[in-house]
Amino acid sequence: MAYPGYPGQAPAQDPLYGYFSAVAGADGQIDQKELQQCLTSSGISGSYQPFNLETCILMINMLDRDYSGKMGFNEFKELWGALNQWKTTFMQYDRDRSGQVDGNELAQALAAFGYRLSPQAVGVFLRRYGVNNQIPFDAFVACCVRLRGLTDFFKRRDVQQTGSANMQYDDFITGTMSF
C-alpha cells in the first residue's frame, strides 16, 4: 500500500512518521503552521525557542518540489536530516550554551558546512538574522536554508564552475526570492 508522500513503505515503520502524522491533514501534507507545531512538539530545537513562522515557510520552500506550499513525509524526512545537521553544528559553535551564536561563531559554523564567505557576507547574514549581533537557533536555521538556496541557485547559473554567473535581472529576482 502506498501512502501520501511516502510511496512503497508503511510509514508506521518510521519513528518520524508519528511527529508528521500528528499534524498532517487528510491530504498527508503539512503546511507552515503545522510544521511549526510539529517541530515544537518534537523538541528538535532542544531548549531553544520554537521556530518562527517565517523559518517554517523557508524550510517548506526549500523542499517544496511540487510548489504546493506544503510538505509530504519524504520531504519532512529530508528536512529532519538537515535540521539535525544544523542543530549539531549550532550546538558545537554555541560554546557558552546561550542559545545564540555571534558573528565569529556564525562564520565558523558556516565554514564547517563548506561555505567560504567573506567577513562582509557573514556580516550581511548577521544583520539580516541577528538581534544585537546574536543569532538564535531558529534564525540560524533560516540563515542556513537561505544560504543553501542561494548557493544552489548560483551553482545552476555558474555552468562552467568559475565562481561567476551571468543572468537576467528577472531571473535573479525570481530565483533569489523563491526561498
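Visitor: Which residues does F154 touch, not counting residues up to four places away in sequence?

Guide: This is a predicted model, where local features need pLDDT of at least 70 and side-chain atom pairs count only at pLDDT 80 or more, while totals for chains, interfaces and linings use all residues. Residues are numbered from 1 along each chain as its sequence is written, and side-chain values use heavy atoms, with hydrogens and water left out. A contact means heavy atoms within 4.5 Å. Leaving out residues up to four places away in sequence, F154 touches G163, S164 and A165.

Visitor: Where is F154, and is F154 buried, partly exposed or exposed?

Guide: You will find F154 in helix α7, residues 137-157; helices (H or I, at least four residues) and strands (E, at least two) are DSSP runs, numbered from the N terminus. Buried means under 20% relative accessible area, exposed over 50%, and partly exposed in between (1.4 Å probe, protein chains only). The relative accessibility of F154 is 31%, so F154 counts as partly exposed.

Visitor: How many aromatic pairs does the structure hold?

Guide: Rings of Phe, Tyr and Trp (its six-membered ring) pair if their centres lie within 6.5 Å; planes under 30 degrees apart count as stacked, over 60 as edge-to-face and the rest as tilted. With that rule, the number of aromatic pairs in the structure is 11.

Visitor: How many residues apart are F20 and F76, and what kind of pair do they form?

Guide: The two rings are 5.5 Å apart, centre to centre, with 50° between their planes, which makes the pair tilted.

Visitor: Are F20 and F76 buried or exposed?

Guide: The relative accessible area of F20 is 1%, so F20 is buried. For F76 the value is also 1%. That makes F76 buried.

Visitor: Which residues do ring pairs link into a cluster?

Guide: F20 and F76 both belong to this cluster. Linked by ring pairs, the members are Y17, Y19, F20, F73, F76 and W80.

Visitor: Which residue forms a salt bridge with D14?

Guide: A salt bridge is a side-chain nitrogen of Lys or Arg within 4 Å of a carboxyl oxygen of Asp or Glu. By this rule there are six salt bridges. In one of them, with the closest N and O atoms 2.8 Å apart, the partner of D14 is K77.

Visitor: What is the distance between the closest N and O atoms of D27 and K70?

Guide: D27 is partly exposed, with a relative accessible area of 38%, and K70 is partly exposed at 29%. In their salt bridge, the distance between the closest N and O atoms is 3.0 Å.

Visitor: What is the phi of R97, and where does R97 lie?

Guide: R97 lies in the loop between α4 (73-93) and β1 (100-101), and R97 is exposed, with a relative accessible area of 53%. Most residues other than glycine have a negative phi. R97 has a positive phi, near 55°.
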